[in-house]
Amino acid sequence: ITAILISFAIAFVLTAVLGYVLIPVLHKLKFGQNILTDIGPKWHAKKQGTPTMGGWMFIIGTIFTTVLTLVICSVAGFSPFSEMAELKNQQITRLVSGILMAFCFALVGFADDYIKVVKKRNLGLTEIQKTILQVIIIIGYLVALSVNGLTYIQIPFVGAVELSWFFWLFGICVIYGAVNAVNFTDGVDGLCASVTSVAAISF
């Protein structure tokens, strides 16, 4: 529990500091959000120029904190993973593949923002381009889980339920839906932060 709380504190402080450093830089580079005037509420037009690509401070904060926590645990002489070899491999697979998946999704978001800001094409990547890239990333993640026998889900009061072939369909639909839901929700000021806070507190 102590290690988890320390990780939370480090991640929060690091992300906040990165925000103070990164956002002014994005302002200077004029990496601002262009608002589509033909869709969405009229009051949303005031968001014009809000720095984009700020999500990198969360990615950097998460990866740095994860690595630092593992180092602290190693120095302290205890492992955050199970002593059972098979379970340990599964836990490491979940951790590494999950971080890699998040990083790859961030790269897709970066490409989308880069096209909008630098190439001056407000739509960024097309829906088809995003979907193809996202599905490739998701399949890579699911392959890593499948190879390590992680084709099941834990259901409260029921336990582990093997999904078999449904694992692939379920995984693609859930992850693709979640990633794009966050993307759309993030388009309205403060909404993604408030929704994410509720989920984070529950975890």
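User: Before we start, how are residues numbered, and which parts of the model count?

Analyst: Residues are numbered from 1 along each chain as its sequence is written, and side-chain values use heavy atoms, with hydrogens and water left out. The model is predicted, so local features need pLDDT of at least 70 and side-chain atom pairs count only at pLDDT 80 or more, while totals for chains, interfaces and linings use all residues.

User: How many helices and strands are there?

Analyst: Helices (H or I, at least four residues) and strands (E, at least two) are DSSP runs, numbered from the N terminus. Here you get six helices and two strands, and along the sequence they follow the pattern α-α-α-α-β-β-α-α.

User: How do I read the packing of α2 and α3?

Analyst: Start with the axes: they are lines fitted to C-alpha atoms, for helices over the stretch in contact, and angles run from 0 to 180 degrees between N-to-C directions. Angles under 35 degrees count as roughly parallel, over 145 as roughly antiparallel, 65 to 115 as roughly perpendicular and the rest as oblique. In this model, helix α2 (residues 56-76) and helix α3 (residues 85-117) pack at about 160°, their axes 10 Å apart. That's why the two are roughly antiparallel to each other.

User: Which residues of α2 and α3 meet?

Analyst: Contact means heavy atoms within 4.5 Å. On the α2 side you'll find Trp-56, Ile-59, Ile-63, Thr-66 and Leu-70, and the residues they meet in α3 include Leu-95, Ile-99, Phe-103 and Phe-110. Sorted by class, this contact has eleven nonpolar, one polar and no charged residues. For those classes, Ala, Val, Leu, Ile, Met, Phe, Trp, Tyr, Cys and Pro count as nonpolar, Asp, Glu, Lys and Arg as charged, and the others, Gly among them, as polar.

User: What about α3 and α4?

Analyst: Helix α4 (residues 127-147) packs with α3 at about 170°, and their axes are 9 Å apart. So α3 is roughly antiparallel to α4 as well. Among the residues making the contact are Arg-94, Met-101, Cys-104 and Phe-105 of α3, along with Lys-130, Gln-134 and Tyr-141 of α4. By class, the α3 contact with α4 has ten nonpolar, four polar and three charged residues.

User: Is Ile-115 buried or exposed?

Analyst: Buried means under 20% relative accessible area, exposed over 50%, partly exposed in between (1.4 Å probe, protein chains only). Ile-115, in helix α3, has 18%, so Ile-115 is buried. Its C-alpha sits 7.1 Å from that of Leu-125, ten residues apart along the chain. Across the 203 residues of the protein, 25% count as buried.

User: Where is Val-179, and what is Val-179 in contact with?

Analyst: Val-179 is in helix α5 (residues 166-185), and Val-179 is partly exposed at 23%. Leaving aside neighbours within four places in sequence, Val-179 is in contact with Phe-105 and Gln-134. Val-179 and Gln-134 are 45 residues apart in sequence, yet 8.7 Å apart in space, C-alpha to C-alpha.

User: And where is Gly-55?

Analyst: Gly-55 is in the loop between α1 (2-28) and α2. At 42% relative accessibility, Gly-55 counts as partly exposed. Its C-alpha and that of Ala-106, 51 residues apart along the chain, are separated by 7.7 Å.

User: Last one: how many disulfides does the structure hold?

Analyst: A disulfide is a pair of cysteine sulfur atoms within 2.5 Å, and the structure holds zero. Cys-104 is partly exposed at 30%, and Cys-173 is partly exposed at 47%.
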